[in-house]
Amino acid sequence: MTKKGFLSIFKDECVRIFSSPRLLVLMIGVPVMLFYFYFSLLSKGISRDLPVTLLDLDKSKLSRQLGRMIDATASMDIAYEVADELEGQKTIRRGDSYALIIIPKDFQKNIQKSIYTNVVCYYNGQYLLPAGLIQRDFQLTAGSFAAGAKIMSLEQSGLMADQAVATVVPSGTNSHVLYNPYTSYGYYLNVAFMPMSFQIIIMVISIYAFGSVLRYNRGKELLERSNDNIFVAIIARILPYTLVFCLLGLLMNSLLYYKIGVPFRGNFFVLNLFFCSFVVVCQSMAFFVATLLSSLRTALTIGGSYAALAFSFAGYTFPPEGMSAFTRGLNYIFPFHSYMRFTVDYAIRGIQYNSIQQNYVITMAVFVCLGALCIPVYYKKLKKGGYNVERIDK
């Protein structure tokens with residue numbers, strides 16, 4: 001006799017998960033590998049010693065000093081010194097270096113005569129991160145070199161050192177980076193990449209959990225075992241997945257804020273509680289997709305694509321304030337946007353619960369309600385037995 005009730009369905013689903021190598025690899029193995037991949041990929045925090053090519057046409061004392069200053073920057077390493085511009089361009093086209101820096105002829109002579117002269121940096125804009133780092137450090141280095149040359153010239157004309165510095169730099173700056181003081185890309189990107197990749201797994205697995213019952217025409221059996229209680233059937237079947245995902249979320253957050261060391265200003269328990277809510281929201285959307293579509297394959301395709309698109313609309317690497325009003329509104333059709341904005345505001349910036357964060361919570365609650373509206377439809381499909389029962393009967 002088949003056992004019935006909540007515990008019976010729950011236990012059988014746990015046995016199904018842990019006796020299926022495929023499910024174990026996809027549910028646990030893939031997320032853990034993704035966490036390790038992103039942790040390893042961004043472990044240095046920022047790209048350093050990017051190879052660049054130097055063309056020094058002056059070969060003077062000052063041009064060599066500028067070359068040493070460029071080589072001493074964190075982001076650039078002079079890997080090639082060439083004799084002409086064409087040879088330097090070839091190193092960039094081959095992918096051997098990211099930039100070509102040209103110090104012109106008569107560089108030292110022009111500086112000593114206070115004649116304006118250009119040092120040119122050609123960089124490969126197709127690589128956004130290396131290009132941005134090289135452009136930033138090159139401008140800083142060139143500016144520092146120019147200021148030093150000007151100060152030396154003023155000292156030679158009779159000014160004291162302090163007077164020369166004050167003439168060149170009349171006002172100083174004192175900068176403080178608030179939320180990522182180490183300007184680490186590991187801190188910045190891992191906070192988004194890890195939950196983003198994980199939510200795709202949550203969506204796909206949850207669609208499979210809800211849709212496989214209908215795909216293999218086991219709906220009537222599930223209803224019978226739940227004593228015709230649709231809530232017992234749904235919750236008992238999905239709860240084992242929810243618990244596994246929440247535990248993996250705890251592992252992910254521990255890795256982010258304790259191992260990687262992302263600046264953290266919130267409460268760890270509250271952060272994990274919010275992530276568990278995010279898991280429920282993703283599963284609600286999975287339930288919505290698996291119920292309304294008439295094919296498990298189609299549901300998995302659309303659900304996975306929907307989850308994958310979420311990062312583009314999260315407003316993480318490009319601020320929402322710079323988007324059009326329509327796009328800002330479109331962001332809210334993805335729960336990941338609300339999760340990410342809440343996490344950054346609460347955990348990293350340390351902003352306490354306010355009206356903006358309340359909007360994120362309300363948005364996520366709407367997704368849960370959207371899934372709840374599909375319960376009657378799912379119940380009818382279970383009563384029929386599955387997706388294609390009518391077609392089989394004919």
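1. A residue is termed buried under 20% relative accessible area, exposed over 50%, and partly exposed in between, with a 1.4 Å probe and protein chains only. At 11% relative accessibility, serine 284 therefore counts as buried. Serine 284 is placed in helix H11 (residues 268-292); helices (H or I, at least four residues) and strands (E, at least two) are DSSP runs numbered from the N terminus. Apart from its neighbours within four places in sequence, serine 284 is in contact with Phe367, Val368 and Gly371, where contact means heavy atoms within 4.5 Å.

2. Some remarks on the basis of this note follow. The model is predicted, so that local features need pLDDT of at least 70 and side-chain atom pairs count only at pLDDT 80 or more, while totals for chains, interfaces and linings use all residues. Residues are numbered from 1 along each chain as its sequence is written, and side-chain values use heavy atoms, with hydrogens and water left out.

3. The structure holds 7 salt bridges, a salt bridge being a side-chain nitrogen of Lys or Arg within 4 Å of a carboxyl oxygen of Asp or Glu. One of them joins glutamate 13 to arginine 16, with the closest N and O atoms 2.6 Å apart. These two residues are separated by about one helical turn, because they stand 3 residues apart in helix H1. Glutamate 13 has 4% relative accessibility and so counts as buried, whereas arginine 16, with a relative accessible area of 23%, is partly exposed.

4. Glutamate 13 also forms a salt bridge with arginine 237, the closest N and O atoms being 2.8 Å apart. Since glutamate 13 lies in helix H1 and arginine 237 in helix H10, the pair ties together parts that are 224 residues apart in sequence. Both glutamate 13 and arginine 237 are buried.

5. A further salt bridge links aspartate 106 and lysine 109, whose closest N and O atoms are 4.0 Å apart. Aspartate 106 is partly exposed, at 33% relative accessibility, and lysine 109 is likewise partly exposed, at 44%. Elsewhere, salt bridges that share partners join Glu13, Arg16 and Arg237 into one network.

6. An open sheet of 4 strands shows the order S2-S1-S3-S4 with mixed pairing; strands pair if DSSP finds at least two bridges between them. Strand S2 (76-81) and strand S4 (120-123) are the edge strands, each pairing on one side only. On average, neighbouring strands of this sheet are turned by 30° against each other, direction ignored. Strands S1 (residues 50-56) and S2 run parallel and are joined by 5 bridges; the bridge partner of valine 52 in S2 is isoleucine 78.

7. Two helices that pack on this sheet deserve mention. Helix H3 (residues 61-72) touches S1, S2 and strand S3 (99-103), and its direction makes about 130° with that of S2. Helix H4 (residues 85-93) touches S1, S2, S3 and S4, its direction making about 160° with that of S3. Axes are lines fitted to C-alpha atoms, for helices over the stretch in contact, and angles run from 0 to 180 degrees between N-to-C directions.

8. On the surface, Phe6, Leu7, Phe231 and Ile235 form a nonpolar patch with about 390 Å² of accessible area together. Helix H1 (6-18) and helix H10 (230-260) are the elements that give two or more residues to the nonpolar patch. Patches are made of residues with over 30% relative accessible area and no salt bridge; like charges are joined within 9 Å, and nonpolar side chains (Val, Leu, Ile, Met, Phe, Trp, Tyr) within 5 Å. Accessible areas come from the Shrake-Rupley method with a 1.4 Å probe, and for residues only the protein chains shown count as cover. Phenylalanine 6, which lies in helix H1, counts as partly exposed at 31% relative accessibility.
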